[in-house]
Amino acid sequence: MNINTTKIISLLFFIFSAFYLYTAYQIQVFAFDENAPFNARTFPIYLGYAGLFFSGLKLILPDPNTIKVEHKNLEYKKTGILILIAIIYGATILKVGYFLTTSLFLFASYYFLGERRWILMFLLSFPFVAAFMYLLHGILDIYLRDPFLQSIGVMG
Amino acid sequence: MVVFGTIIGMLPGLGPMTAIALMIPITYGFDPATGLILMAGVYYGAVFGGSTSSILLNAPGVPGTVATSFDGYPMAQQGKAGKALAIAAWSSFAGGTLSAIYLLFMAPSLSKVSLSFRSPDYFALMILGLTAIAAFSSKGQFLKAMMMVVLGLMLASVGQDSLSDITRFTFNNMNLTDGISFVLVVMATFAMSEALTIILKRNDPTSAAKQVSLTELGSIKINKEERTKMYKTIPRSSVIGFLIGVLPGAGATIASFLAYGMERNVVSDEEKEKFGKGSVNGLSAPETANNAACSGSFVPMLTLGIPGSGTTAVMLGALLGFGVQPGPRLYMTNPEIFWSIIMSMYIGMVILLILNLPLIPYIARILAVPKNYLIPLILFFSVTGIYVMSFNNFDIYLMIGIAVVATFLRLYDFPMPPLILAFVLGGLMEENLRRSLLLSNGSWEFLWDRTLTACILVTTILIVVWHIYKTFKKKN
C-alpha cells in the first residue's frame, strides 16, 4: 500500500470514527429506552460504523488520483499569523468590544499581509467598521455589545 | 445584492456559497421573505459573475460556468468580449425566466404530491441526495466525498437529542448543548477556509481582473443571425438545466456540461466545427442551463424541505434559522415566503440584465482590489456573522478550528458541499429514521415496503453503480 497524505487523513478519520463510535456507545439513555428500536445512541452508532467503513475503504483501496501538494510553495507563515490574529480577535472581542477589536484586527491583518498604505489601511478599518456597525446596530437593529464604546459614552 | 453577488462570483474560488454565507449576518435583521430574496439575488449574481470571469479571463469563478469558457473565452480573444457577455447575459436571463415559469407551475403541484411522502420516503430521499452530491461533486473522489458526508452528519449529531433531550458528544461543555450552529459551519468551511486557502496557496483571485481592459470589450449588440441561433438553443437548454437542477445533488455544473454536449450533437456539422472556437450556440447553451438549474435546485428545497445543492443547503439553513420549516406545507402555511422566492428569481434576472450588462467592465475593475484587503474583509464578515449570533468566544474558536481543518482537507481535494448538505440534513434524517424504525418495530423492511421508497433507493444504488462504472472505465 502506497502511503500518502490522503491515506494518513483517512487513517486519522478512521481513528476519529472509532472514537466517535466508542463515545456513541457511552451515551446514557433512559432505562425505558434502552431496548427501544431507536434511541439517542442509535443514529450516532450507525454514523460511527459508516465512518469506519468509508475511511477503511479509502485506506485499503488503491488511490489512482494521488494529490501531490508542494509544501514548500505554501505560505504557512502568513496563514499562521492570520489565524493567530483571528484567535486574539476572538479572545478580546467580548471584553474590549466590537468596534475597537474589529478595527484593530482588520488593520493588523492588512499589515501582516504586506499592505503599507497607511491611510487606506486606516480608512478600511476604523471608519469602515464604524459604518458597518451603524448598518447593523443603527439601521438593522441588530444588537452589538461594545464595552469600549459604552465606557466612552458613544453607545448606550 | 445582485451586483454584490456578481463581484463575489467573479472571483475564482469564491462562489455562490461564500457570497450567501457572507450575507447571513445582514439577514438577521430582516423578515424571512426579505432575507431569502436577498440571498436569491446574491445567488444569481454570483452565477452570472462566474460567467463573466469565464469569458473575460478564462478563469471560471464557479464550477457551473466552466463550460461557458469553452466558447466564451475564444470569442473574447477575437475582440468580441462585449458580444459574448451580452449573449451570456441574455441566455442567463432567458434560462432563468423560463425555469422560473417551470417552477411556478411545478412547485405547487409537486407540493401536493409530496404530501403523500412518508418518513421512509424522506429518509430514502435524503440518502439519495447525499449520495448524489457525493457522486457529482467529488471529481472522481467518491469515497472522500462520502467521508465528508459522514463528517457532516457527525457534526450535526452534537448537542441535545431532539426527542429525549439527552446530550451527545458535548464532553460536558455547555456551549455545545444546543449543537453546532449551521452558520458557524458554513462560515468556517466556505468563507473562512477559502480565505485561508487563498493565502496558503499564494493565489490572487483579483490579479486576473487587473488585466481586463475597458477598451477591448467591443460592442454588446447581438445581430439577427446570432439571435436566431439563441432562439433555438435557449428553450432546449432551459429544460435540461431545470430538470438537472431538480435532481438532488446534480446542479449547475452538470447541467451546463450536459447542455453544451447536447447542443453540440443537435447543431449542423458546419456549426459543430465552430464549437470551442467561439460558437454562439456553445456559449448560449451552458449559460441558459446553469441559470435554469439554479431555479430547478429550489424545487426539492421548497417542496420537500430537502436541498438539492450546497447553495440551497445554505439557504435552507438560513430558513430554519428564521424559524421557517420548508416542505410540502410551506406553500400553504407561508405562501408569502414561497411566492416571494419565486418572484425574486424573476426580478433578480431582470436586475441582472439591466444593471450588470452595462456595468460589467466597471465591476471587473472593482475586482482589482488587492487580496491584502479582500482576505481580512472575508474573515471580518465571518467572525461578525458568528459574533452577532451568539456573543460567545467559544463559537469563534470553534469556527477557526473547523476552518483550519477544512483548509487542510481542501488541499487534498476533500469536497466541502457534501459536508454542508449532510450537516443540514442530519437532524431531519435522524428524525425520519427514528419514525420509520419505530413504526416498523425496529425492522429495516421499511426500506422496501413502499414502492416509492424502494424506487428512491434503487435510484441511489444506480448512481453508485454508475459512478463506480465510470471510475473503472476512466482507469482503463
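Val150(B) touches Leu47(A), Ala50(A), Gly51(A) and Phe54(A), leaving aside residues up to four places away in sequence, where two residues are in contact if their C-beta atoms, placed from the backbone, lie within 7 Å. The residue is found in helix α6 (residues 142-156) of chain B, helices being DSSP runs of H or I with at least four residues and strands DSSP runs of E with at least two, both numbered from the N terminus. Val150(B) counts as buried because 28 other C-beta atoms lie within 10 Å; a residue is buried with 20 or more other C-beta atoms within 10 Å of its own, exposed with 12 or fewer, and partly exposed in between, the C-beta atoms being placed from the backbone. From C-alpha to C-alpha, Val150(B) lies 26 Å from Gly385(B), at a separation of 235 residues in sequence.

The model is predicted, so that local features need pLDDT of at least 70 and side-chain atom pairs count only at pLDDT 80 or more, whereas totals for chains, interfaces and linings use all residues. Residues are numbered from 1 along each chain as its sequence is written, while chains are lettered from A and ligands numbered from 1 in the order in which they are written.

The contact between the chains takes 57 residues from chain A and 48 residues from chain B. On the side of chain A that touches chain B, at least two residues each are supplied by α1 (5-26), α2 (42-60), α3 (76-96) and α4 (98-112), and the largest share, 11 residues, comes from α3(A). By class, this side of chain A has 37 nonpolar, 13 polar and 7 charged residues, with Ala, Val, Leu, Ile, Met, Phe, Trp, Tyr, Cys and Pro taken as nonpolar, Asp, Glu, Lys and Arg as charged, and the others, Gly among them, as polar.

Chain A has 7 helices and 0 strands. Its radius of gyration, taken over C-alpha atoms, is 25 Å, whereas a compact globule of 156 residues would have one near 15 Å by the rule of 2.2 Å times the number of residues to the power 0.38. Along the principal axes, the C-alpha atoms of chain A fill a box of roughly 60 × 55 × 25 Å, and buried residues make up 26% of the 156 residues. Chain A is divided into domain 1 (5-69) and domain 2 (73-151), with bounds that come from an automatic or database domain assignment, and 39 Å separate the centres of these domains, taken over C-alpha atoms.

Chain B has 20 helices and 2 strands, and buried residues make up 62% of its 476 residues. Within chain B, Gly310(B), Ala313(B), Val314(B), Leu316(B) and Gly317(B) in α13(B) meet Pro417(B), Ile420(B), Leu421(B) and Val424(B) in α18(B); the residues of this contact divide into 7 nonpolar, 2 polar and no charged.

Most residues other than glycine have a negative phi. Phe169(B), although not a glycine, has a positive phi of about 55° and is placed in the loop between β2 (167-168) and α7 (182-200) of chain B; Phe169(B) is partly exposed, with 19 other C-beta atoms within 10 Å. Asp413(B), also not a glycine, has a positive phi of about 65° and is placed in the loop between α17 (393-411) and α18 of chain B, where Asp413(B) counts as partly exposed with 16 C-beta neighbours inside 10 Å.
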